[in-house]
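The following exercises are to be worked with the sequence and the structure at hand. Each task is followed by its solution in steps.

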Amino acid sequence: MNELQVMVEQKPGEIKSNLDDLAAALTNQMQAYEGLEVTEDNIPERKNDLATLRKMSKAIDGRRKEVKKSWDAPLKEFEAKVKDVTGIIDKQIIRIDGDIKEFDRKRVAEKQEKIKALYEEEIGEYADYLPLSVIKLSKWDNKTCGETEIRSDLQEMVIKVKSDLSAIKALNSEFEEKLLNAYKASGNQLSVAIQKHTDYTEAKVATEKAFKEAQERK
C-alpha cells in the first residue's frame with residue numbers, strides 16, 4: 001500500500017484589536033469608581049453603577065466569544081474532515097480486528113477439544129485421580145505447545161499415579177480405601193497416604209492396647 005500523507009497548509013493566526021488602548025482608557029475611567037462609598041442614600045445610584053459596569057464587561061466578553069467562534073470554525077471544519085478520513089480506515093480496523101479475534105476464538109476452542117481428546121486417550125482408568133480441570137497445564141493453551149508435548153505430560157502424570165497407587169497397595173493396609181481417598185484428596189501426594197497409614201496403624205495399636213489393659217483390670 002502506498003504511503004499516504006496529510007497535506008495541510010496552516011497559516012499563523014493573527015487577531016488585531018484595540019484592547020491595549022481600551023485597557024488604558026478603562027483604567028482611567030475606573031478611577032472614578034475607586035472612592036465611591038455605599039450609603040443608605042446612594043444605594044440606587046450604586047446599583048446603577050454596578051449594572052453599568054456589568055453591562056460593559058459583558059459586552060467586551062461577548063465580543064471575545066464572537067471572535068473565538070470565528071477563530072475555531074476552521075479548526076472544527078478541519079477536525080470533522082479528519083474524522084471522516086480516519087473513519088474510512090477505522091472501518092477496516094474494526095473488521096480486521098474482529099476477524100482476528102474470531103480466528104483466535106476458534107483456535108482456542110479447537111485447542112481445547114484437542115486437549116480433551118488427548119486426555120481421554122491417555123488418562124485411562126485414572127480419571128478419578130487426574131481430572132482434566134485440575135491437572136490441565138496453562139502451557140497447553142499456547143500455540144507453541146504441540147500434541148507431542150501435551151501427550152508426554154499426560155503420560156508422565158499417569159505413570160506417577162500408577163506408581164503411587166502400586167506403592168499404596170503394597171502396604172497391604174486394612175485402611176487401603178481410606179488411604180486412597182486421602183491420596184486423591186491431597187492432589188495425589190503419596191507422602192500423605194503413607195502418613196495416614198502410619199496414623200491409622202498407630203491409632204489402632206493404641207486402641208487395642210487400651211482395650212487389653214482395660215480387660216486385664218477387670
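The structure is a predicted model.

**Exercise 1.** Describe how helices α2 and α4 pack against each other.

*Solution.* Two packed helices are described by the angle between their axes and the distance between the axes. Begin with these values: the axes of α2 and α4 cross at roughly 40 degrees and come within 10 Å. Next, take the handedness, which is right-handed for α2 passing α4. Then list the residues that meet: α2 contributes Lys111, Lys114, Ile115, Leu118, Tyr119, Glu121, Glu122 and Ile123, and α4 contributes Glu147, Ile150, Arg151, Leu154, Gln155 and Val158. Finally, sort the residues of this contact by class: seven are nonpolar, six charged and one polar.

**Exercise 2.** Identify the buried residues of α4 and what covers them.

*Solution.* The buried residues are Ile150, Asp153, Leu154, Met157, Val158, Val161, Asp164, Leu165 and Ile168. Their cover includes α2 (43–123), α3 (132–135), α5 (176–185) and α6 (190–216).

**Exercise 3.** Is aspartate 49 buried or exposed?

*Solution.* Locate the residue first: aspartate 49 lies in helix α2. Its relative accessibility is 17%, and buried means under 20%, so aspartate 49 counts as buried. Its side chain makes a polar contact of 2.9 Å with that of arginine 46. Leaving aside residues up to four places away in sequence, aspartate 49 touches Tyr33 and Leu36.

Terms used:
Residues numbered from 1 in each chain as written. Predicted model: local features only at pLDDT ≥ 70, side-chain atom pairs only at ≥ 80, totals over all residues. Heavy atoms only, no water. Buried < 20%, exposed > 50% of the residue type's maximum accessible area, 1.4 Å probe, protein only. Helix = DSSP H or I, 4+ residues; strand = E, 2+ residues; numbered from the N terminus. Contact = heavy atoms within 4.5 Å. Polar contact = N/O pair within 3.5 Å; in protein donor to acceptor, adjacent residues only side chain to side chain. Axes fitted to C-alpha atoms, helices over the stretch in contact; angles between N-to-C directions. Left-handed = near helix turned anticlockwise from the far one by under 90°. Nonpolar A, V, L, I, M, F, W, Y, C, P; charged D, E, K, R; others polar.
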